[in-house]
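Reader: I would like to learn how to read the packing and the pockets of a protein model before I set up any calculation on it. Could you take me through one case?

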Amino acid sequence: MIPILLICNHMLSLKRKSKKKMHQRRKAKNCRCASVQESENPMILEMLQPPTRKSQKVIHQKKTIPAHRFIESELEDCSAPSASGLKVLNSRTFAEGLRLTVVEDDMMESKTEAIVIPSDSYLSLNGMIGQNLAAKSSNQLTTKIQELRSSGFTLGDSKACVLDDCGLSAVSSVVFVASPVFSMQPSQDVAKINLQDAVKNVLRECAKKSLTTVTLPSIGSGQAGYDKGDAAKWIVAAIAGYLEEASDNSSQQQSLQEVCFCLFDSLSVQAYKEGIQANEGNDADNEENDGLNLRGSQDT
């Protein structure tokens, strides 16, 4: 009886071992099949392959020029006509498409859509530019100014406003700006900020009216007492800053295509040529170079 039991137990043990071996063989076979399938999958093969120089791709993004930078590749072309109709002495274009032009002529001869008159809070026409403007516009402009004064209107420091239909044949609008006076500023830094705010406010008011061209004198560098070189450099930088703000703010309208600096004398022309050059390739805040020592004669 005992030998029979031993034989049965031995047979059961052999059967278990046989099943175990068969299970191991099936498992090994399945692993081999999976390996073959993976090796035939090109995506898996690519992932398993070690990186090579050929497969390492470097993506070169096209360099974009910020709106407030001048176009580096643009060649200065003074022969291109200005919207002012006056002879261009210097020209440079921002990436946004806004062109700066420098001319030496009578501002009243400009044919841009608007001209800028540096003034005070009451829109006075005391300066030479204001007096020439009053003579050219008959009584329409002075009547509008009187009406505004009677209503209690005043222009805040460095603020600007646009008057339309002023009786001028060449331009449709006149922009008044309360130009800061250098001697009334507590420091040079404040003088710079207030002058740049005045310029930016002029451009904002023009854009609100969807104007595309405007003529500026050298704001601040006449009776207001700013150094011509500093004023030119700061004003050009202010225009760059305005474009930067407009590009960062989708709700801020920007319609201007040309800003023409109409100047009375060769010193001012030189100041603006150097002011434009000083801002080439620089951000609006990178204006640390010393300006020209040219306080002067322009009545603004």
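**Reading burial, cores and a pocket**

Author: This is a predicted model, and a first thing to read is burial: of the 300 residues of the protein chain, 42% count as buried, a residue being buried when its relative accessible area is under 20%.

Reader: Which elements make up the chain, and in what order do they run?

Author: The protein chain has seven helices and seven strands, and from the N terminus on they follow the order α-α-β-β-β-α-α-β-β-α-β-α-β-α. Contacts can then be sorted by separation in sequence: among those between residues at least 6 apart, 71% join residues at least 24 apart.

Reader: Which residues touch the most other members of the largest nonpolar core?

Author: That core holds 43 residues, and Leu100, Ile239, Val259 and Phe261 are the ones with the most contacts to other members. Helix H6 (residues 228-248) contributes the most to this core, namely 10 residues. A second, separate core has 24 residues, among them Ile129, Leu168, Val171 and Cys262.

Reader: How many residues line the largest pocket, and which lie nearest its centre?

Author: The lining has 28 residues, with Ser119, Asp120, Ala178, Ser179 and Val181 nearest the centre, and the space in this pocket comes to about 570 Å³. At least two lining residues each come from strand S3 (114-119), helix H3 (128-136) and helix H5 (188-208).

Conventions:
Residues are numbered from 1 along each chain as its sequence is written. This is a predicted model: local features need pLDDT of at least 70, side-chain atom pairs count only at pLDDT 80 or more; totals for chains, interfaces and linings use all residues. Side-chain values use heavy atoms; hydrogens and water are left out. On a 1 Å grid over the protein atoms alone, a cavity is a set of points where a 1.4 Å probe fits but cannot get out, and a pocket is an open set with protein on both sides within 12 Å along at least five of seven lines; lining residues have an atom within 4 Å of a point. Grid points are joined across faces, edges and corners, and a volume is the space filled by probe spheres set on the points. Helices (H or I, at least four residues) and strands (E, at least two) are DSSP runs, numbered from the N terminus. Buried means under 20% relative accessible area, exposed over 50%, partly exposed in between (1.4 Å probe, protein chains only). Contact means heavy atoms within 4.5 Å. A nonpolar core is a set of buried Ala, Val, Leu, Ile, Met, Phe, Trp, Tyr and Cys residues joined through side-chain atoms within 4.5 Å.
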